[in-house]
Amino acid sequence: FNADEQTENYLFKIVLVGDSAVGKSNLLARFARDEFYPNSKSTIGVEFQTQKMEINGKEIKAQIWDTAGQERFRAVTSAYYRGAVGALLVYDISRRQTFESIGRWLNELQTHSDMNVITMLVGNKSDLKDAREVSTAQGRALAEEQGLFFIETSALDSSNVFAAFQTVIREIYGVLS
Ligand code: GDP
Ligand code: MG
């Protein structure tokens with residue numbers, strides 16, 4: 001038993017970034033509350049949600065920030081990115097245009113945040129197999145080119161949602177601890 005270890009605290013700010021309607025709010029709802037909203041409007045976005053996780057016996061708090069829909073107007077402010085140590089950069093595998101926006105979001109993230117933000121490229125809506133417009137190989141290639149982690153998820157059927165957040169949190173822990 002070590003008193004220092006007991007009181008050591010980790011709080012990681014992680015931001016959700018990407019075009020409107022790619023599923024950012026539902027990824028967070030699935031991860032934090034195991035909920036899904038079939039017809040969600042941007043109003044379900046909360047400012048942030050804190051999730052606890054244990055890594056190597058340490059309690060980690062991930063403070064995950066979601067937009068309230070301002071990305072529709074490209075009006076995400078620098079306050080949103082400030083202090084972020086991790087990011088999920090989300091596109092919708094069934095809408096090519098959202099994948100083509102990734103470069104702009106990455107640029108915005110790098111402009112507004114400090115140092116090295118651990119970033120996961122997330123191809124969401126992997127359940128929409130018949131409507132796929134971006135292949136897994138294309139997603140992976142972009143991630144490799146930009147030095148990002150990569151995963152495909154579905155907030156609808158839950159696949160890989162926990163893994164997406166957990167990987168980012170573990171990697172941050174690995175860098176900061
Ligand atoms: P945001 O604007 O990026 O926060 O996107 P939302 O989370 O509000 O989701 C936009 C729409 O996509 C909603 O109608 C969701 O129900 C739907 N959606 C979100 N994630 C998924 C998913 O993984 N699969 C499918 N089929 N629909 C999803
Ligand atoms: Mg939202």
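Biologist: Before we start on this predicted model, what makes two strands count as a pair?

Modeller: Two strands pair if DSSP finds at least two bridges between them. Strand 2 and strand 3 (residues 58-65) have 8 bridges, in the antiparallel sense, so they meet that cut-off of at least two.

Biologist: Which residues face each other there, say for M53 and K52?

Modeller: M53 stands opposite I60 in strand 3, and K52 stands opposite K61. Strand 2 and strand 3 also form a hairpin, with 2 residues between them. In the turn, N56 has a positive phi of about 50°.

Biologist: How do you know that strand 1 pairs with strand 3?

Modeller: Again by the bridges: strand 1 and strand 3 share 6 of them, in the parallel sense, and at least two are needed, so the two strands pair. One example is K13, whose bridge partner in strand 3 is Q63.

Biologist: What about strand 5 and strand 6?

Modeller: They run parallel, joined by 4 bridges, and the cut-off is at least two, so this is a pair as well. The bridge partner of G123 in strand 6 is E152. Between the two strands the chain passes through helix 6, and this β-α-β crossover is right-handed.

Biologist: What makes that crossover right-handed?

Modeller: Point the strands away from you: the path from the first strand over the helix to the second has to run clockwise. The path from strand 5 through helix 6 to strand 6 is right-handed.

Biologist: Why is helix 2 called mostly covered?

Modeller: Because 8 of its 10 residues are buried, and a residue counts as buried with 20 or more other C-beta atoms within 10 Å of its own. Among the buried ones are K24, S25, N26 and F31. The buried residues of helix 2 pack against strand 1, strand 2, strand 3, strand 4, strand 5 and helix 7. After helix 2 comes D34, with a positive phi near 55°.

Biologist: Is A131 buried or exposed, and how do you know?

Modeller: It has 11 other C-beta atoms within 10 Å. The cut-off for exposed is 12 or fewer, so A131 is exposed. A131 is found in the loop between strand 5 (118-124) and helix 6 (136-146).

Biologist: Which residues are closest to ligand 1?

Modeller: G23, K24, S25, N26 and L156, out of 19 residues that surround ligand 1. Helix 2 (residues 24-33) gives the largest share of the shell, 3 residues.

Biologist: How does that shell divide into nonpolar, polar and charged?

Modeller: The shell around ligand 1 has 7 nonpolar, 9 polar and 3 charged residues.

Key: Residues are numbered from 1 along each chain as its sequence is written. Chains are lettered from A and ligands numbered from 1 in the order in which they are written. This is a predicted model: local features need pLDDT of at least 70, side-chain atom pairs count only at pLDDT 80 or more; totals for chains, interfaces and linings use all residues. A residue is near a molecule or strand if its C-beta atom, placed from the backbone, lies within 6 Å of it. Ala, Val, Leu, Ile, Met, Phe, Trp, Tyr, Cys and Pro count as nonpolar, Asp, Glu, Lys and Arg as charged, and the others, Gly among them, as polar. Two residues are in contact if their C-beta atoms, placed from the backbone, lie within 7 Å.
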